[in-house]
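The sequence and the structure come next.

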Amino acid sequence: MKYVSENIVLKTENLTIGYQSKKAQTIVASNIDIAIEKGKLITILGKNGIGKSTLLRTISKVQEPLNGSVFINKKNIKNYTNKELSSALSLVLTERLPESQITVFELVALGRQPYTNWIDKLSDLDLEKIYWAIEQTEIQHLKEKFFYELSDGQLQRVLIARALAQDTDIIILDEPTAHLDLHHTIKIFSLLKKLVDETSKTILMSSHEVNLCIQFANEIILFTDDKVHIGTPDQLIKQDAFDDLFPKDIVKFNRKLQQFIINKK
């Protein structure tokens, strides 16, 4: 599949993802062809263990593809140095941070590491990017706090601010709302949508929040048992792509409401 849009920042061609051991190759998904344009919120959906995180790790060069290619800004990621990649793509992972006395400001400032000199001195431009990221994520009141004093929702905003300070075209988030209640989950989705609209960053995130993804995402990459679907929420609804995502005896997809509802018998 060929893509011609000049706005495409991330593309895969004939991508196969999975794991390679000395004895065998385990394929998680294959023939993945996606083209993601600048300034879009893209969500990856699917049940546990189906390949969402594997796709994100492959796109971000954490693990090698089994076959096919990944391109960022028309350049194959295998040709990126680690420093070059850190200027094009930033990651927000779900792992807990190690204990330390680092403040929120210092944590956000770590996003500038790809650009600082050998003594890690922050330039005027670095400081400008840090304060801009703090303002965009509305955490000005937290910047002097130690990160371990934060709630899960506050910490997620700080980690997003760090990614913003890194000032990359693409931000990848792995389950950013995994430990949050519904209120803070919606606030994070709203924040990410605002950032896409106001900064033209491209945000790619995995999630289990199907109903919220349908409401907020520009496009969805949907993993099902037999296929990887790609399209806008409306396109996937018209294709009945959500119908077999979960067992129908528990929940069912309501096309009129555009969301999953409990299947009351």
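His-229 counts as buried because its relative accessibility is 13%, where buried means under 20% relative accessible area, exposed over 50%, and partly exposed in between, with a 1.4 Å probe and protein chains only. The residue lies in strand E11, residues 228-231; strands (E, at least two residues) and helices (H or I, at least four) are DSSP runs, numbered from the N terminus. The model is a predicted one, in which local features need pLDDT of at least 70 and side-chain atom pairs count only at pLDDT 80 or more, while totals for chains, interfaces and linings use all residues. Residues are numbered from 1 along each chain as its sequence is written, and side-chain values use heavy atoms, with hydrogens and water left out.

The side chain of His-229 makes a polar contact with the side chain of Thr-224 at 3.5 Å. A polar contact here is a pair of N or O atoms within 3.5 Å; within protein, one must be able to donate a hydrogen and the other to accept it, and residues adjacent in sequence count only if both atoms are side-chain atoms. When neighbours within four places in sequence are left aside, His-229 is in contact (heavy atoms within 4.5 Å) with Ile-220, Ile-221, Leu-222, Thr-224, Leu-236, Gln-239 and Ala-241.

## Helix H6

Helix H6 covers residues 182-199, and its 18 residues should span 26 Å at 1.5 Å a residue, which agrees with the 25 Å between its end C-alpha atoms; the expected span is 1.5 Å times one less than the number of residues. The buried residues of H6 are Thr-185, Ile-188, Phe-189, Leu-191, Leu-192, Lys-193, Leu-195, Val-196 and Thr-199. An α-helix has 3.6 residues a turn, so residues three or four places apart point the same way. The partners against which the buried residues of H6 pack are strands E4 (41-45), E8 (170-174) and E9 (202-206), together with helices H4 (124-136), H5 and H7 (210-216).

Val-196, in H6, is buried, with a relative accessible area of 2%, and, not counting residues up to four places away in sequence, Val-196 touches Gly-39, Lys-40, Leu-41, Lys-201, Ile-203 and Asn-218. Thr-199, also placed in H6, counts as buried at 17% relative accessibility; its side chain reaches the backbone oxygen of Leu-195 at 2.5 Å, and, with neighbours within four places left aside, Thr-199 is in contact with Trp-132 and Gln-136. Just after the helix, Ser-200 takes a positive phi of about 65 degrees.

H5 has 15 residues and reaches 21 Å from its first C-alpha to its last, close to the 21 Å expected at 1.5 Å a residue. The helix is mostly covered, with 13 of its 15 residues buried, and the residue that follows H5, Asp-167, has a positive phi near 60 degrees.

The largest pocket has a volume of about 410 Å³. Of the 19 residues that line this pocket, the closest to its centre are Ser-86, Leu-89, Ser-90, Leu-91 and Gln-166. Two or more lining residues come from each of helix H2 (82-86), strand E7 (89-92) and helix H5 (152-166), and the largest share, four residues, comes from H5. By class, the lining has ten nonpolar, seven polar and two charged residues, where Ala, Val, Leu, Ile, Met, Phe, Trp, Tyr, Cys and Pro count as nonpolar, Asp, Glu, Lys and Arg as charged, and the others, Gly among them, as polar.

On a 1 Å grid over the protein atoms alone, a pocket is an open set of points with protein on both sides within 12 Å along at least five of seven lines, a cavity is a set where a 1.4 Å probe fits but cannot get out, and lining residues have an atom within 4 Å of a point. Grid points are joined across faces, edges and corners, and a volume is the space filled by probe spheres set on the points.

## The cavity

The count comes to one cavity of 30 Å³ or more, and about 160 Å³ of space lies in the largest cavity. Of the 13 residues that line the largest cavity, the closest to its centre are Thr-94, Leu-155, Gln-156, Leu-159 and His-179. Its lining has six nonpolar, three polar and four charged residues.

## The loop between E5 and E6

Asn-73 lies in the loop between strand E5 (67-72) and strand E6 (75-76), and has a positive phi of about 50 degrees although it is not a glycine. Asn-73 is partly exposed, with a relative accessible area of 33%. Lys-74 lies in the loop between E5 and E6 and has a positive phi near 70 degrees; at 60% relative accessibility, Lys-74 counts as exposed.
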